[in-house]
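Subject: Structure for you to look at

Hello,

Here is the structure I said I would pass on. Please open it first and then read the notes below it.

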Amino acid sequence: MPLKQENQRNNLNKIFFLLIHSIQILLIFALSILSYLSDKKAGVNHHMIYMSYKYKEGIYSPLSLKIQSIIIVLIVILLLQSLLKSRRRLIKEAFSFNNMMAIIIGVFLLLIINFSFFKSMIAYVYFVMVFEIVFALQILIILINKMLGNS
């Protein structure tokens, strides 16, 4: 009987992680559509410019973005350290994969925040917002794997 419960729990975990990964992919896909529409439709363009202005006064001000960059760098360093430790101890590949994905997303997020190519885009704050959410979801996956003992 415990084996059956373990299989059910593993199946629920797989479904949960699949759901999180699907949300991440949908967010990035929606962002690409939003970016495309901001170049083609005037109403979307004006709305995004207005909302970008509002966000840049608050949570995405230059000082706030510098603080967010520092936090992301610290998290990426911790993930790299954890990944190197897991390589030495030969822990399951799933943890290493999730860790590596979080590092890649974190580095890409740092590029989005700090390079002028992205800053010049109309959808800049939305890029930052979506990739912060995707990064947070990836960290959530890593934490859940650690709590479940999959690492």
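**What was found**

The secondary structure of this chain comes to six helices and zero strands. Helices (H or I, at least four residues) and strands (E, at least two) are DSSP runs, numbered from the N terminus. From the N terminus on, the order of elements is α-α-α-α-α-α.

The model is predicted, so local features need pLDDT of at least 70 and side-chain atom pairs count only at pLDDT 80 or more, while totals for chains, interfaces and linings use all residues. Residues are numbered from 1 along each chain as its sequence is written, and side-chain values use heavy atoms, with hydrogens and water left out.

Of the 151 residues in the chain, 34% are buried. Buried means under 20% relative accessible area, exposed means over 50%, and partly exposed is in between (1.4 Å probe, protein chains only).

**Helix α2**

Helix α2 covers residues 42-57, which is 16 residues. From its first C-alpha to its last it reaches 23 Å, close to the 22 Å expected at 1.5 Å a residue. The expected span is 1.5 Å times one less than the number of residues in the helix.

Which residues of α2 are buried? They are Asn-45, Met-48 and Ser-52. These residues lie on the same side of α2, because they cover an arc of only 65° around the axis. The arc is that of the directions from the helix axis to the C-beta atoms. On the other side of α2, Gly-43, His-46, Tyr-53 and Glu-57 are exposed.

Met-51 is also found in α2, and it is partly exposed, with a relative accessible area of 21%. Its C-alpha is separated by 8.8 Å from that of Val-125, although Met-51 and Val-125 are 74 residues apart along the chain.

A nonpolar core is a set of buried Ala, Val, Leu, Ile, Met, Phe, Trp, Tyr and Cys residues joined through side-chain atoms within 4.5 Å. The largest one here has 28 residues, and Tyr-124 and Phe-135 touch the most other members. Two or more residues of this core come from each of α3, α4 (93-114) and α6 (124-148). Which element gives the most to this core? It is α6, with 11 residues. As a general point, nonpolar side chains tend to be buried together in soluble globular proteins.

Helix α6 has 25 residues and reaches 36 Å from its first C-alpha to its last, close to the 36 Å expected at 1.5 Å a residue. Val-134 lies in α6 and counts as buried, at 2% relative accessibility. Tyr-126 and Leu-34 are 92 residues apart in sequence and 8.8 Å apart in space, C-alpha to C-alpha. Just after α6, Gly-149 takes a positive phi of about 85°.

**A patch on the surface**

Val-73 is found in helix α3 (residues 62-89) and is partly exposed, with a relative accessible area of 35%. Together with Ile-70, Leu-74 and Ile-77, Val-73 forms a nonpolar patch on the surface. In such a patch, nonpolar side chains (Val, Leu, Ile, Met, Phe, Trp, Tyr) of residues with over 30% relative accessible area and no salt bridge are joined within 5 Å. A salt bridge is a side-chain nitrogen of Lys or Arg within 4 Å of a carboxyl oxygen of Asp or Glu.

Regards

Methods: Patch = residues over 30% accessible without salt bridge, like charges linked within 9 Å, V, L, I, M, F, W, Y side chains within 5 Å. Areas by Shrake-Rupley, 256 points an atom, 1.4 Å probe, with all protein chains shown as cover.
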